[in-house]
Amino acid sequence: MKAKREAAARLTAALVLPAFREVLHRKYGVRPERVVFERDEALGRIRDAVLLPRAESAERGEEISGETDGETIWIMRDLDHEDTVDTLIHEAMHDSVFVVRETRGGRKRALTCEDEHDAIARAGIAV
Ligand SMILES: [Zn+2]
């Protein structure tokens, strides 16, 4: 799908990291270097994204244009090209950015959906 290639090309660290770093610093004082973006995993989710089943697309088309459980991305059927690209980018930005502890080998912490949406909007992608 052409939209997948375009979404993957736009999903760069330059798009993602400044937005997440700004939001996490403003809200929680997180230092920028502690914010990491796992791009390869996000690109894999775009590559493997699937269309929502037709019945569910029809039923939920008013509420959502896509969703993810952190592993699989589902995209609504019959979106136009731009909406498909934006939805792929939006969903792939979920579960792709983490805050790591300062210590070596420290664990990474996932963000809340609300913080992710603040950063996604900050990056100029529709939420
Ligand atoms: Zn979302």
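Reader: What makes the crossing of H1 and H5 right-handed or left-handed?

Author: In this predicted model, helix H1 passes helix H5 in a right-handed crossing, and a crossing is given that name if the near helix is turned clockwise from the far one by less than a right angle.

Reader: Why are H1 and H5 called oblique to each other?

Author: Helix H1, residues 2–10, and helix H5, residues 81–93, pack at an angle of about 50°, with their axes 9 Å apart. Angles under 35 degrees count as roughly parallel and those from 65 to 115 as roughly perpendicular, while the rest, unless over 145, count as oblique; H1 and H5 are therefore oblique to each other.

Reader: Which residues of H1 and H5 meet?

Author: From H1 come Ala3, Lys4, Glu6, Ala7 and Arg10, and they meet His81, Thr84, Val85, Leu88, Ile89 and Ala92 in H5. Sorted by class, the contact of H1 with H5 holds six nonpolar, two polar and three charged residues.

Reader: How do you know whether His81 is buried or exposed?

Author: His81, which lies in helix H5, has 11 other C-beta atoms within 10 Å. A residue counts as exposed if that number is 12 or fewer, and His81 is therefore exposed. As for its place relative to another part of the chain, the C-alpha atoms of His81 and Val127 are separated by 17 Å, the two residues being 46 residues apart along the chain.

Reader: What makes S2 and S3 edge strands?

Author: They belong to an open sheet of three strands, which has the order S2-S4-S3 and mixed pairing. Strand S2 (50–51) and strand S3 (66–68) each have a single partner strand, so one side of each is left without a neighbour in the sheet, and that places both at the edges.

Reader: How do you know that S3 and S4 pair?

Author: Two strands pair if there are at least two bridges between them, and S3 and strand S4, residues 73–75, have three bridges, in the antiparallel sense. Within this part of the sheet, Thr68 stands opposite Ile73 in S4. Helix H5 packs on the sheet, where it touches S3 and S4, and the direction of H5 makes about 160° with that of S4.

Reader: What is the order of the open sheet that contains S1, and which strands are at its edges?

Author: This open sheet of three strands has the order S1-S5-S6, with antiparallel pairing. Its edge strands are S1 (35–37) and S6 (108–110), each of which pairs on one side only. If direction is ignored, neighbouring strands of this sheet are turned by 40° against each other on average. Strand S5, residues 97–100, pairs with S6 in the antiparallel sense over three bridges, and Val100 stands opposite Lys108 in S6. Helix H2, residues 13–28, packs on the sheet and touches S1 and S5, its direction making about 155° with that of S1.

Reader: Why is H2 called oblique to H6?

Author: Helix H2 and helix H6, residues 113–122, pack at an angle of about 130°, and their axes are 8 Å apart. Roughly perpendicular pairs end at 115 degrees and roughly antiparallel ones are over 145, so the angle makes H2 oblique to H6. H2 passes H6 in a right-handed crossing.

Reader: What residues make the contact of H2 with H6?

Author: On the side of H2 they are Ala19, Phe20, Glu22, Val23, Leu24 and Lys27, and on the side of H6 they are Asp115, Asp118, Ala119 and Arg122. By class, these residues divide into five nonpolar, no polar and five charged.

Terms used. Residues numbered from 1 in each chain as written. Predicted model: local features only at pLDDT ≥ 70, side-chain atom pairs only at ≥ 80, totals over all residues. Axes fitted to C-alpha atoms, helices over the stretch in contact; angles between N-to-C directions. Helix = DSSP H or I, 4+ residues; strand = E, 2+ residues; numbered from the N terminus. Contact = placed C-beta atoms within 7 Å. Nonpolar A, V, L, I, M, F, W, Y, C, P; charged D, E, K, R; others polar. Buried ≥ 20, exposed ≤ 12 C-beta atoms within 10 Å, placed from the backbone.
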